Amino acid sequence: MKHAATSLGALIVFAVLLAAVVAPLVAPHDPFVQDLNQRLVPPEWMDGGSAVHPFGTDQLGRDYLSRLLYGARISMMIGIFTVVTSGLIGITLGVFGGYFGGKIDEVVMFIITCRLSIPLILVALTVVALIGSSLLVVILTLGLLLWERFAVVSRTTTMQVRNLDYIAAAQAAGASRRHILLREVLPNILTPLVVVATLEMALAILLEAALSFLGLGVPPPLPSWGLMIAEGKDYMFFSPWVIMIPGIALFVLVLGINLLGDGLRDLLGAARPT
Amino acid sequence: MSPVLEAGNLRVTFGTSVAAVRGVSLTMNRGETHCLVGESGCGKSVTALAIMGLLSRTAHRSADILRFHDYDLTRLSERGMARLRGDRIAMIFQEPMTSLNPAYTVGSQMAEVFQRHRRVSRATALDRAAELLQRVGITAPGLRLKQYPHQLSGGLRQRVMISMALMCEPELLIADEPTTALDVTVQAQILRLLQNLQRELGLSLLLITHDLGIVARMADRVSVMYAGEIVESAPAGALFAAPTHPYTRGLLRCIPVPRQVRRDEPLGSIPGVVPRIAPDFVGCSFRDRCAQAMPDCARHVPRQRATIDHDYLCRLPTDWTRAEAA
Amino acid sequence: MTCAVEVRDVRRVFRTHAGMLAPERVVRAVDGVSFALPAGHVLGIVGESGCGKSTLARMILGLLPISEGEILVDGRSLAAMDRRERARLIQPVFQDPFSSLNPRQRVRDIVALPLAAQGNISGRQQRDQVMEMLARVGISAEIADRLPAQLSGGQRQRVAIARALVLHPRIVVCDEPTSALDVSVQAQILNLLAELRRDLRLTYLFISHNLAVVEHIATEVAVMYLGRFVERAPVDELFRDPRHPYTRALLSSVLTPEPGNGIPDVGLGETYPDPANIPPGCRFHPRCPVALNRCRTQAPDNIVTHGRLTECLLAEGAQGTR
C-alpha cells in the first residue's frame with residue numbers, strides 16, 4: 001500500500017516533469033496564439049468539443065492542452081529553483097548554527113525568528129508589486145522566503161550528528177572544517193531534508209499559483225496554472241473546464257510530490273543504519 | 001513443593017526468518033536466584049519478555065509448558081496476565097529512566113501500581129511507598145516521593161524501580177540487566193540490596209545479565225544462553241568449578257580477573273561472531289566457533305547430564321574437559 | 001627524555017544555564033590534573049561516570065579547549081600545533097563503534113580519512129596504507145568496501161583502530177574501547193590493542209571503568225574522582241596496595257567470577273558525586289568510610305612518594321598522618 005502510493009507519487013512527478021521538458025514537441029498548438037473565432041471551445045469529451053483542441057480553448061481561443069503542458073514548465077521551474085535557492089540558504093544557516101553553536105547559533109536562531117515573523121504572502125505580494133512580476137522575481141522571492149523549515153530541520157539534525165563520535169574522530173584525524181561539514185555532517189542529515197524539500201516544493205508551486213491568481217505572479221501571457229485559473233474565473237459558471245483542468249493539474253502534482261516525499265522518508269529512513 | 005515458575009520448550013520467533021528463543025526450559029523454586037547469562041542477541045531478554053507476556057506484536061510465542069504457580073500462562077488472557085504483572089510477578093529493566101514516566105512524581109507512580117492491584121486509599125499507598133523506599137536504603141523517602149525521575153541519579157532511580165517492583169510483594173521478580181547502566185560501586189550496592197531483599201522476602205529472582213561476575217556472586221542456579229538456547233545449566237558452584245560446554249568454557253577464559261591478570265599472555269577469546277539463526281536451523285549453533293567441532297555437530301545435538309542437576313547441550317562426553325586440560 | 005604526554009594542572013569548566021532565571025551551573029569537569037606519561041607506557045585512567053575522564057581525554061586529543069593549564073604532546077604544546085601535525089601524533093579510539101564510524105562511508109574511506117586530511121599523500125599511497133593497516137587489525141580486503149552497518153561490533157572497533165593507526169601516531173587515546181562489546185569480543189580487541197602497542201611502540205592513554213581491563217593492559221593506573229587524580233601508581237602496586245579509600249572501594253566492588261563470595265559491602269553510602277557541587281575539604285569525604293572531621297574542611301595535598309601519588313589526608317606521608 002505504502003509502496004504503491006510512493007510509486008504513484010513518483011509516477012505523477014515524473015510525468016509532469018516529462019511534460020514540462022517535451023512540451024514544445026508534443027503541444028498541438030502554440031500556447032500563445034489567439035484565435036478569437038474559437039473562444040471557450042469545450043474539451044473533446046464534452047458537447048461541442050473537437051479533436052483539434054482536446055482540452056478545449058480559453059477565453060482568447062488559445063489551445064488549453066498546450067497551455068497546460070507549458071504551464072507544467074512554469075510549475076516545475078518554480079518548484080525546483082525555489083527549493084534549490086531556499087535549500088541553499090536554509091541548510092547553510094542551519095548547519096552552521098547547529099555545528100558551531102554558541103554565538104553563531106544565536107544569530108542563526110535570531111534570523112530564523114525574524115523570518116518566521118514575516119507574513120509570507122504579504123511580503124511576496126509587496127515585493128512583486130514593487131519590482132514588477134516576472135518568473136525570476138517570483139522564484140527569488142519564494143526562494144528567499146521559504147528556507148526556514150530547511151534551517152530548523154538541518155540545525156536540529158546537525159546538533160544531533162555533531163555530538164557523535166565520528167565527528168570527533170574526523171576532527172582528531174586532522175580533517176578540515178569544510179570536509180567535516182560537507183562529508184561527515186551533510187550526508188547524515190540529508191534524509192529529513194529530502195522530505196522538507198518535497199514539502200517546500202509543493203508549497204512553492206501552490207504559492208506561485210496563489211500569487212498568479214492575485215495577478216502578482218508570473219505575468220500574462222505565460223501559461224502558469226494559477227494564472228489560467230485566475231483568467232478563467234469569470235467564465236467558470238458557463239465554462240467550468242477553464243478552472244477545473246488547471247485546478248486538477250495543480251492538485252494532482254502537489255499530491256504526487258507529497259506522496260513521493262512521504263515515501264522517500266520511509267524508504268531512506270529504513271535504509272539508514274540504526 | 002511446586003515450582004514458582006516452570007517453562008518447557010519455550011520458543012519465540014519474529015516473522016519467518018528469526019528464531020530468538022529456541023526451546024528454553026527452566027524451573028524456578030521459591031527463594032531461588034536463577035541467572036540467565038549470555039551475550040547480546042542470545043535471547044535472554046526475549047525469554048524474560050516472553051514469560052511476562054510483553055513481547056511485541058510481531059513476535060510469536062509457543063511453549064509446551066509455561067506455568068506460574070497454578071496459572072497456565074499460555075492460556076491466560078491479556079487481562080489475566082495484566083492482573084499478575086506488577087502484583088505477583090514484577091520486572092525491573094536496565095534503564096530506569098525509560099521505564100519511569102517522566103511526567104509523574106515518584107510517589108504517584110509508586111502509589112498507582114499499588115492502587116491498581118489493591119483496594120486501598122491514596123494515603124495508604126503513599127505510606128507503603130515511603131516504607132519501601134526506606135527499605136531500599138533511601139534516607140529521605142518523603143522528599144523522594146515528591147520528586148520527578150529526572151531529579152534522581154541513576155543509582156537512586158534504580159532503587160526507586162526496585163521498590164516499585166516490590167510494592168505488591170511479588171513472588172517472582174524478573175530483573176533484566178538491572179545494573180548494567182550503573183557505575184561499579186553503585187552496582188555493588190544495588191546487587192547487595194537485591195540479594196538482601198530476596199532473602200528476607202523469599203523472592204524468586206530471575207536475573208538476566210551478561211556479566212559472569214554478577215552471576216557468580218548472585219546465582220543459585222545458572223543457565224548459559226547462546227543463540228536462543230540454554231547450552232548449559234547448573235548450580236552456580238558446579239558451573240564455575242566444572243564448566244562443560246565449550247562456549248561456557250570459552251566465555252570464562254575471556255574475563256580478565258583483577259589481581260589474577262597475566263599481562264604477558266593474551267586473554268582467551270572466542271573467534272567469530274554469533275550466527276543469525278533461522279527457525280529451521282539444525283545442529284549445534286556454536287559449531288562454527290568451536291575448536292572441538294566435528295562433522296556430526298551439524299546434526300541433532302543431544303542434551304547430556306554431567307551430574308543430576310547439571311546438563312549441557314553438546315555431543316562431547318562429560319569428561320572431555322580433562323582431555324582439554326591435559 | 002621528553003614524555004609522550006605531559007599534562008600540567010589542566011582544568012575544564014562548563015557553564016550551563018538551565019533557563020533564563022535559573023542560576024548558572026558551573027561544572028568543574030576536570031579540576032587540576034597533572035601527569036607525565038613516558039613514551040611506550042600505558043596509563044589506565046579509571047573512574048565512574050561524571051568523574052571527568054572523557055573530558056580529559058578530549059582535551060588531550062585537542063577536541064576540547066582547555067580552561068586552564070597546559071598539555072604537551074611529544075614535548076610540544078598541543079595548543080600551538082596545527083590539526084595535521086596533531087593528527088600525526090595522537091589519535092583516538094572511542095567507546096561506541098556504532099557511533100564512531102560515519103554510516104554513509106565505506107570502510108576504506110573511513111580508514112583513509114586521516115591520510116587524506118594530510119593533503120600530501122597520493123591516492124595510490126593512501127589505498128596501499130589503508131589496506132595494509134586493515135590487514136594488520138584483522139579486517140580482510142573484501143570488507144573494505146562495506147558500510148559500517150554491515151559489520152559486527154568487533155569488526156567496527158577494528159576499523160576504528162585501523163583509522164587511528166593509519167598515520168602511525170605515537171599516542172593513542174582509547175576511551176572505553178571495549179565497554180560496548182560483548183566479553184568474547186572484548187578479549188579479541190584487548191589482545192589486538194596489546195599486540196599493536198608492542199609492534200608499533202605505541203603509547204596508550206586507556207580510559208575505562210573496568211578495573212580488570214585496565215589491569216590487563218596498563219603499566220600505570222590513575223584513579224579519577226570528581227575531576228582530579230586521587231591516586232596514581234604503577235599497576236602492580238595499585239592493585240596490590242591501594243592507598244586511597246576510593247581506590248579500595250572501587251577494587252572491592254569488582255565482582256570476580258568466584259561463586260559463593262556474595263556481594264561485597266563497598267561502604268560508600270547513598271550520596272552520589274556531582275561535579276557541579278564539589279564538596280569542600282576532601283572531595284571524597286561525603287562518601288568516604290574512613291573520613292575524619294578535618295577531611296570536611298581541609299583539602300588534601302598532592303602527595304607523591306616513590307612514584308606514587310595519593311590525595312588523601314590519611315595517606316602515608318601526609319601532614320600529621322595517624
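A residue is taken as buried if 20 or more other C-beta atoms lie within 10 Å of its own. By this criterion, in the predicted model described here, 47% of the 274 residues of chain A count as buried, and for the 326 residues of chain B the share is 46%.

Chain A contains ten helices and zero strands, and its pattern along the sequence is accordingly written α-α-α-α-α-α-α-α-α-α. The C-alpha trace of chain A extends over about 75 × 45 × 30 Å along its principal axes. When contacts in chain A between residues at least 6 apart in sequence are considered, 70% of them join residues at least 24 apart. The mean pLDDT of chain A is 85, with 97% of its residues at 70 or more; over residues 270–274 of this chain, however, the pLDDT is below 50, and the stretch has six contacts in the model beyond near neighbours in sequence.

Chain B, by comparison, is built from twelve helices and 13 strands. Its C-alpha trace spans about 65 × 50 × 35 Å along the principal axes, and its radius of gyration of 21 Å agrees with the value near 20 Å that would apply to a compact globule of 326 residues. Of the contacts in chain B between residues at least 6 apart in sequence, 65% link residues at least 24 apart.

Eight strands of chain B form an open sheet with mixed pairing, in the order S7-S8-S9-S3-S10-S11-S13-S12. From one strand to the next, the twist averages 20°. Within the sheet, strand S3 (residues 33–37) and strand S10 (residues 221–226) of chain B are paired in the parallel sense over four bridges, and B:Cys35 has B:Val222 of S10(B) as its bridge partner.

The loop between S10 and strand S11 (229–235) of chain B holds B:Ala227, a residue other than glycine whose phi is positive, near 50°. B:Ala227 is buried, since 23 other C-beta atoms lie within 10 Å. Most residues other than glycine have a negative phi. A positive phi near 50° is also found at C:His168, again a residue other than glycine, which is located in the loop between helix H5 (153–165) and strand S7 (171–175) of chain C. C:His168 counts as partly exposed, because the number of its C-beta neighbours inside 10 Å is 13.

With regard to the assembly, two pairs of chains touch, and the most contacts are between chains B and C. Chain A and chain B are joined by no contact, and their closest C-alpha atoms lie 16 Å apart. Between chains A and C, 17 residues of chain A are in contact with 24 residues of chain C. On the side of chain A that touches chain C, helix H7 (165–172) and helix H8 (177–213) of chain A each supply at least two residues, and the largest share, seven residues, comes from H7(A). Classed by residue type, this side of chain A comprises ten nonpolar, four polar and three charged residues.

The buried residues of H3(C) are C:Val107, C:Arg108, C:Ile110, C:Val111, C:Ala112, C:Leu113, C:Pro114, C:Leu115 and C:Ala117. Just after H3(C), a positive phi of about 85° is taken by C:Gly119.

Technical notes:
Residues are numbered from 1 along each chain as its sequence is written. Chains are lettered from A and ligands numbered from 1 in the order in which they are written. This is a predicted model: local features need pLDDT of at least 70, side-chain atom pairs count only at pLDDT 80 or more; totals for chains, interfaces and linings use all residues. The radius of gyration is taken over C-alpha atoms; the globule rule is 2.2 Å times the number of residues to the power 0.38. A residue is buried if 20 or more other C-beta atoms lie within 10 Å of its own, exposed if 12 or fewer, and partly exposed in between; C-beta atoms are placed from the backbone. Two residues are in contact if their C-beta atoms, placed from the backbone, lie within 7 Å. Ala, Val, Leu, Ile, Met, Phe, Trp, Tyr, Cys and Pro count as nonpolar, Asp, Glu, Lys and Arg as charged, and the others, Gly among them, as polar. Two strands pair if DSSP finds at least two bridges between them. Axes are lines fitted to C-alpha atoms, for helices over the stretch in contact, and angles run from 0 to 180 degrees between N-to-C directions. pLDDT is the predictor's confidence in each residue, from 0 to 100.
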